[in-house]
Amino acid sequence: MATQTHYKERLTRARLREWIEGYLFATPFLIGFFAFVAFPMLFSIWLMFHRWDLLTDPVFVGFRNIERALTDELALKALYNSAFYTVFAVPVQLVISFTLALALTQPILFRSLYRAGFYLPIIIPVVATAIVWQKVFHPDFGIMNEVLGWFGVPPQKWLLDPNLAKPAFIFMSFWMIGRQMVIFIAGLGNIPAQLMEAAQIDGASKLRSLFSIIIPLMTPLIFYNMVIAIINSFQTFVPALIMTDGGPQNETLFVVLNIYRNGFQFFNMGYASALAWELFIIVVGFTIAQFYIARKWVYYEV
Amino acid sequence: METTTFPTLRPKSYRRQEILRRIGLAVLQVVMTLVLITFLGPTLWMVSSSLKARTEIFAHPIVWIPETPQWGNYVQALTMMPFAQFALNTFIICALTVSGVLVSCSLVAYSFARLRWPGRDFFFGLLLATMMLPEIVTLIPMFIEFRWLGWTKPGTIFGFLPLNYLPLTVPYWLALSPLYVFLMRQFFKGIPVELEEAALIDGANRLQILLQIILPLSKPVLATVAVFSFLQAYNDFLQPLIYIGSRDYWTLALALRSMNDAQVGQWELLFAASTVVLIPVLVIFIVAQRYFVQGIATTGFGGR
């Protein structure tokens, strides 16, 4: 009896010690979370209802910032630009990365070399990427017009042409598919070989097994890559900041560029916060909607 | 019986199929090579142009390979700005980032992986939720917070570290990189508990266990996290742009951008500078490629 209570006591003491150690080890995150995640988010809600240029005292303005974020012509234009970019960039990116992944799971030579080459563009510093692509699209001396010229396409003004600036950014995004591709390659490697063999024995053509086996089995990864790509596309702006600064005629003024400008160039901290929350709600809304739609087309093995 | 009919029926069609398959693969090989050239095109053009004479840059049709490589472009590009200083600044920020991530994330990941404490699962859920949080929502309030702390002012701390570097690096010391914590936790969970129990019985404390048992067994995940966080800090543009005031404290990314804004016609110098900035990334990529692939394949994140 005595030994038993002794044992229990020791157990709880050890338990308590583990609790304390647990909190101690997690302290960096606990501090970080409250100081730099939870507090900023709440603070940002407060900011949204104030006008504040950081120099004078903040003034309560009620819903004015939110109203402006929802009606301002430039804000709506930025939203349209980001949506346009996302709608056209993401599907093509997915097709490219999936096709490349399929090709790289075939028994060709130097597969790891190709994989490294396709991955490379996304690890290049974004400033360097932006600078090079700005020159790639140069109307007179860029390689874009040069290469298109081989196929008889007349030279275009690209980043200087209001109609072609957004398509140019979308085109550039096709180079940034390395991450998606690696995920697809990993997924394709996990498809059971017996399944493919069974299909082959049943006389299914390559194309048939692609659409009836490979793509259905890959839908969870396609879905995952799509969700991440949409979130990222809505937030793209550093290339636009460097290459066009939002021009020509605000055609490449993306949402985050608009937020950045209002916050750090015009010092409208309240309005910028309202814009940021607007974007946040749109992105979260999109993501939730996709999860609902996903039930219809994403296949999970039971 | 089957074995007798099989060979008589199969060989011809089988051989034809095999030939077709080989042709298909050869065609694929050629197509993929063309695609690869397309993917590397802008980068190769940048490197080649960094060695061109000015007249070759602005020539029609495009000169793809410079007649005589102008190595002087590099000298000129690197001396028109205090490039060594910017490189040093960048590496200071990278070192603070990588060390912060390794220290704080391994502590936190160990706590989430092994220790039982009330609220652990709740906080782990919060950690995963922050992964989905767009950076932009906290960008502005965090700027104001750092301003209150005095970290947006000019000046240094400890006599050498610019105050402006604190907003860029302190969050990494507070394990605010959910992806890395997650990666490490998953890895730690795969290490047999028995090793630790034996050490606990021998009277080792948790910190000793982490330092002497867990971390030495976790080199692959530490390498992955170190590589990712180095690149994240090295390639970052937005945070340095917002926080770093004085030109003396600029990073390479900021220097490149200002060069691009100022040097309208000197592409060869701009490309030379960009190539130099690219070299460390390229070296790391070549040396540590398998860690990239592992990291991305297991978490689905990494890169941009």
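Helix axes are lines fitted to C-alpha atoms over the stretch in contact, and the angles between N-to-C directions run from 0 to 180 degrees. On that basis, helix 12 (residues 255-265) and helix 13 (residues 269-297) of chain A pack at about 160 degrees, with 8 Å between their axes. The model is predicted.

**Contact between chain A and chain B**

- Chain B contributes 71 residues to the contact and chain A contributes 68 residues.
- On the chain B side, the most is given by helix 2 (residues 11-49) of chain B, with twelve residues.
- By class, the side of chain B that touches chain A comprises 51 nonpolar, 14 polar and six charged residues.

**Domains of chain B**

- Chain B is divided into domain 1 (2-74) and domain 2 (79-299).
- The C-alpha centres of domain 1 of chain B and domain 2 of chain B are 36 Å apart.
- Ten residues of domain 1 of chain B contact eight residues of domain 2 of chain B.
- On the side of domain 1 of chain B that touches domain 2 of chain B, helix 2, helix 3 (54-57) and helix 4 (72-79) of chain B each supply at least two residues.
- Helix 2 of chain B gives the most to that side of domain 1, with three residues.
- The residues of that side of domain 1 of chain B divide into four nonpolar, four polar and two charged.

**Domains of chain A**

- The domain assignment of chain A gives domain 1 (2-48) and domain 2 (65-297).
- Taken over C-alpha atoms, the centres of domain 1 of chain A and domain 2 of chain A are separated by 40 Å.

**Helix 12 and helix 13 of chain A**

- Angles over 145 degrees count as roughly antiparallel; at about 160 degrees, helix 12 of chain A and helix 13 of chain A are therefore roughly antiparallel to each other.
- The crossing in which helix 12 of chain A passes helix 13 of chain A is left-handed.
- From helix 12 of chain A, the contact is made by Val255(A), Asn258(A), Ile259(A), Asn262(A) and Gly263(A).
- From helix 13 of chain A, the contact is made by Met269(A), Tyr271(A), Ala272(A), Leu275(A), Ala276(A) and Leu279(A).
- By class, the contact of helix 12 of chain A with helix 13 of chain A has eight nonpolar and three polar residues, and no charged residues.

**Helix 9 and helix 12 of chain B**

- Helix 9 (residues 178-189) of chain B packs with helix 12 (residues 219-235) of chain B at an angle of about 170 degrees, and their axes are 10 Å apart.
- Helix 9 of chain B and helix 12 of chain B are therefore roughly antiparallel to each other.
- Tyr180(B), Leu183(B), Met184(B) and Phe187(B) of helix 9 of chain B meet Val221(B), Thr224(B), Val225(B) and Ser229(B) of helix 12 of chain B.
- The residues of this contact of helix 9 of chain B with helix 12 of chain B divide into six nonpolar, two polar and no charged.

**Burial in helix 5 of chain A**

- Helix 5 (residues 126-136) of chain A is mostly covered, with eleven of its eleven residues buried.
- Among the buried residues of helix 5 of chain A are Val126(A), Thr129(A), Trp133(A), Gln134(A) and Lys135(A).

**Residues with positive phi**

- Most residues other than glycine have a negative phi.
- Gln249(A), although not a glycine, has a positive phi of about 50 degrees.
- Gln249(A) lies in the loop between helix 11 (238-243) and helix 12 of chain A, and Gln249(A) is exposed, with 12 other C-beta atoms within 10 Å.
- Ala175(B), although not a glycine, has a positive phi of about 55 degrees.
- Ala175(B) is found in the loop between helix 8 (166-173) and helix 9 of chain B, and Ala175(B) is buried, with 29 other C-beta atoms within 10 Å.

**Two further residues of chain A**

- Ile222(A) is found in helix 10 (residues 206-235) of chain A.
- A residue is buried if 20 or more other C-beta atoms lie within 10 Å of its own; Ile222(A), with 20 C-beta neighbours inside 10 Å, therefore counts as buried.
- Ile222(A) and Asp53(A) are 169 residues apart along the chain, and their C-alpha atoms are separated by 43 Å.
- Asn190(A) is in the loop between helix 8 (178-189) and helix 9 (193-201) of chain A.
- Asn190(A) is exposed, with 10 other C-beta atoms within 10 Å.
- Asn190(A) and Met218(A) are 28 residues apart in sequence and, C-alpha to C-alpha, 9.7 Å apart in space.

Conventions: Residues numbered from 1 in each chain as written. Chains lettered and ligands numbered in written order. Predicted model: local features only at pLDDT ≥ 70, side-chain atom pairs only at ≥ 80, totals over all residues. Contact = placed C-beta atoms within 7 Å. Helix = DSSP H or I, 4+ residues; strand = E, 2+ residues; numbered from the N terminus. Nonpolar A, V, L, I, M, F, W, Y, C, P; charged D, E, K, R; others polar. Domains from an automatic or database assignment. Parallel < 35°, antiparallel > 145°, perpendicular 65-115°, else oblique. Left-handed = near helix turned anticlockwise from the far one by under 90°.
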